[in-house]
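Colleague: I am new to this structure and would like to learn how to read it step by step. Could you take me through it?

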Amino acid sequence: MEGRHMMLCKVAVMYGRELARYGFADAHPFGSDRLDAFWSRFTSTMLSNSNNSSSSGNINANSDININTSRSSNSSSSNNNTPPSNNNSISNYYNSSIIVEKPLLIDEQILLEFHTREYVEFVKRASQFGIGYLDYGDTPAYKGIFEAACYVVGTTVRALDMVLAGRVDHAFNPIGGLHHARRGSAGGFCVFNDIGVAVMLARKVYGLKRIAYVDIDAHHGDGVYYEFDDDPLLFIADIHEDGRYLYPGTGFEYEDGKGEAKGTKLNIPLKPYSTSKEFIDAFRRVERFVEDARPELIIMQCGADGIEGDPLTHLRYGSDVHYYATSALHRIAHEYCNGRIIALGGGGYNRRNLANAWVDVVRALLASNQW
Ligand SMILES: [Zn+2]
Ligand SMILES: [Zn+2]
């Protein structure tokens, strides 16, 4: 059984400077330095060569990805599964299982699979002028915000594509999981909803039906919930701080889906100051819920703003919850859906917390023999 110790899943970690374009200036909590905080922690702990920020040398990024055409059958023949090549000086235990993959700019047509044309045009105009807000005061416009938001969506789509085409087992996009954006409006630092687009594409391009969305961000994922609350095949489980105390003020336990989708959503609000214990108790319900859903794909939003020390929320999770939750979903993904899981960074405004939490997410996705 010696070999079992060495078994790792192959994980794509999305990274490139294009993702740092998505961030707000003037000491806004969602600054583009969040990406750097993750990346420097990730490279120093997980990759043996810590200065490979512009590497991903094995990937011919942005070349062969075209989500408009179904290619689930032909992609596996490429040899993009080879680990980072020699110039990355592989010596670290993890290196051969991690693929660093570049961001992708989404095609505007694909945004329209989820967002309304009016809203996309509105963001484009705001992006030209770069003044004012896209919502009621949380999400400022800046010049280039349209392209920046298109990179977020494209990168999540590329992560999804890599997993569904079988090029990697799992994928993580640190600047993804913008769960407050609605089809027709921005909200809570979120311009375009990469989760919503991913759900629509997983169905349209890959023909998936049953999808589980698990959201552990401290805020309720209202942009996903309300746009799919009548969709009986999107199973949503969302643990967050009670909406009476935190933005966006929604996600109550009685909100469990509408019409024929009733029962396909699980909202678990936690009181302010809840700790790892309350989280893990709640997460056990999430595990059963996702298992019962028999999903074909799991999308995880792993916001780190529930960890003690976050400046925006009142939750006090320990540093153990991200590894715990990701491991559990990783196990379920292998049991029920061929390992198909993608993870998206989401919120998190204490830089140290988000860096540690997201590195734990990647570590938990790599570890294939822990259960
Ligand atoms: Zn795995
Ligand atoms: Zn949040």
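Colleague: Among contacts in the protein chain between residues at least 6 apart in sequence, what percentage join residues at least 24 apart?

Modeller: Two residues are in contact if their C-beta atoms, placed from the backbone, lie within 7 Å. Among such contacts between residues at least 6 apart in sequence, 74% join residues at least 24 apart. Please keep in mind that this is a predicted model, in which local features need pLDDT of at least 70 and side-chain atom pairs count only at pLDDT 80 or more, while totals for chains, interfaces and linings use all residues. Residues are numbered from 1 along each chain as its sequence is written, and chains are lettered from A and ligands numbered from 1 in the order in which they are written.

Colleague: How many helices and strands are there in the protein chain, and what share of the residues is buried?

Modeller: Helices (H or I, at least four residues) and strands (E, at least two) are DSSP runs, numbered from the N terminus, and the protein chain has 10 helices and eight strands. A residue is buried if 20 or more other C-beta atoms lie within 10 Å of its own, exposed if 12 or fewer, and partly exposed in between, with C-beta atoms placed from the backbone; buried residues make up 53% of the 371 residues.

Colleague: Which residues of α2 are buried, and what covers them?

Modeller: In α2, the buried residues are Arg34, Leu35, Ala37, Phe38, Trp39, Phe42, Thr43 and Met46, and their cover includes β1 (11–14), α1 (17–20), β2 (98–101) and α10.

Colleague: At what angle do α2 and α10 pack?

Modeller: Axes are lines fitted to C-alpha atoms, for helices over the stretch in contact, and angles run from 0 to 180 degrees between N-to-C directions. Helix α2 (residues 33–46) and helix α10 (residues 351–366) pack at about 50 degrees, with their axes 8 Å apart. That makes α2 oblique to α10, since angles under 35 degrees count as roughly parallel, over 145 as roughly antiparallel, 65 to 115 as roughly perpendicular and the rest as oblique. Among the residues making the contact are Phe38 and Phe42 of α2 and Leu354 and Trp358 of α10.

Colleague: Where does Lys258 lie, and which residues does Lys258 touch?

Modeller: Lys258 lies in the loop between β5 (234–241) and β6 (265–270). Lys258 is partly exposed, with 15 other C-beta atoms within 10 Å, and, not counting residues up to four places away in sequence, Lys258 touches Asp229 and Asp230.
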